[in-house]
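My plan is to look up its contacts, then its overall fold.

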Amino acid sequence: ADITCDNSASYPNPYACPGYRLPTEAEWEFVARAGTTGGTYNGTCDDAHLACEQPNPVLDSIAWFCGNSGDTTHAVATRDPNPWGLYDMLGNVWEWCGDWWDGADYPAGSATDPWGLAAGSSRVIRGGSWDIYAWCARAAARGNVAPGGRRGNVGFRPSRSLP
C-alpha cells in the first residue's frame, strides 16, 4: 500500500515498479491488439461506421459505444474477448494509463517499451467508451483526462511487472 509506482526518481522506468500500477500506453495498446494489426481485434471499421451507426459489423460483438450502449455502461465480459481472452479492451469505459499526456502525437521513429513524461496535468486514457463514437473504440485511439475528477466513462485495468 505504500508503493507509489508513478514515473519518478524512485524507479528508472515503470517496469521496475514492484507493485500494481496503471499500464503504460505501449503496454495497453499491445494487449488491446492481442497480436492483430487492424483498428480493432475484430477488424477495422469502414468509413460508413465511424460514428454511432447501427448495425456496426466490427464493433457490435466486441465493444459498447454510442451506437449500441443505450447511453450507459455495461457489466464486464458481456461482449466477445480479444484473442488473448481479455474482455472490454475497447468501448464501455476509457481506461487510464500511467503515462502523463504531453499534448502531442507520438514521436516519429520506433521505440521499444516507451513510457510517458515524469509529471503532467492529464493522464492518457485509451479504448473509447459507451458514450463516444465508434472511431474511438479502437486500439490506437487516445485521449486525456486530469486526475482527481470523477467521470462515468473512465475506469482502470491494473497491471504488474514480472519480477
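**Entry 1: the disulfide**

I began with Cys 66, which counts as buried at 19% relative accessibility. Buried means under 20% relative accessible area, exposed means over 50%, and partly exposed lies in between (1.4 Å probe, protein chains only). I noted that this is a predicted model, where local features need pLDDT of at least 70, side-chain atom pairs count only at pLDDT 80 or more, and totals for chains, interfaces and linings use all residues. Residues are numbered from 1 along each chain as its sequence is written, and side-chain values use heavy atoms, with hydrogens and water left out.

Which cysteine is joined to Cys 66 in a disulfide? I found Cys 52, with the two sulfur atoms 1.8 Å apart. The cut-off for a disulfide is a pair of cysteine sulfur atoms within 2.5 Å. A disulfide is a covalent bond between the sulfur atoms of two cysteines. The link of Cys 52 and Cys 66 is left-handed, with -100 degrees about the S-S bond. Both cysteines are in the loop between α1 and β2 (94-100), 14 residues apart. Helices (H or I, at least four residues) and strands (E, at least two) are DSSP runs, numbered from the N terminus. Cys 52 is partly exposed, at 32% relative accessible area.

I searched the whole structure and got 1 disulfide.

Cys 45 is buried, with a relative accessible area of 15%.

Cys 97 counts as buried at 0% relative accessibility.

**Entry 2: salt bridges**

How many salt bridges does a search of the whole structure find? The search gives 6. A salt bridge is a side-chain nitrogen of Lys or Arg within 4 Å of a carboxyl oxygen of Asp or Glu.

I looked up Glu 27 and Arg 21. Their closest N and O atoms are 2.7 Å apart. Glu 27 is partly exposed, with a relative accessible area of 22%. Arg 21 counts as buried, at 7%.

Next came Arg 126 and Glu 25. They form a salt bridge, with the closest N and O atoms 2.8 Å apart. This pair links distant parts of the chain: Arg 126 is in strand β3 (residues 123-126), Glu 25 is in helix α1 (residues 25-33), and they are 101 residues apart. Arg 126 is buried, with a relative accessible area of 0%. Glu 25 is buried too, at 7%.

Then I took Glu 29 and Arg 33. Here the closest N and O atoms are 2.9 Å apart. These two residues are separated by about one helical turn, because they are 4 residues apart in helix α1.

**Entry 3: charges over rings**

I looked for charges over rings. The rule is NZ of Lys or CZ of Arg within 6 Å of the ring centre and within 35 degrees of the ring normal. Arg 79 has its charged end over the ring of Trp 64, 3.5 Å from the centre. Arg 160 lies over the face of Tyr 20, at 4.7 Å from the ring centre.

**Entry 4: strands β3 and β4**

In which sense do β3 and β4 pair? They pair in the antiparallel sense, over 4 bridges. Two strands pair if DSSP finds at least two bridges between them. The bridge partner of Val 124 is Asn 144 in β4.

In a regular strand the side chains alternate between the two faces of the sheet. In strand β4 (residues 142-145), Gly 143 and Val 145 are on the covered face. Arg 142 and Asn 144 are on the uncovered one.

**Entry 5: the whole chain**

I ended with the fold. The protein chain has 1 helix and 6 strands. Its pattern along the sequence is β-α-β-β-β-β-β. The radius of gyration is 16 Å, close to the 15 Å that the globule rule gives for 163 residues, so the chain is as compact as a globular protein of that length. That radius is taken over C-alpha atoms, and the globule rule is 2.2 Å times the number of residues to the power 0.38. Along the principal axes, the C-alpha atoms fill a box of roughly 50 × 35 × 30 Å. Buried residues make up 40% of the 163 residues.
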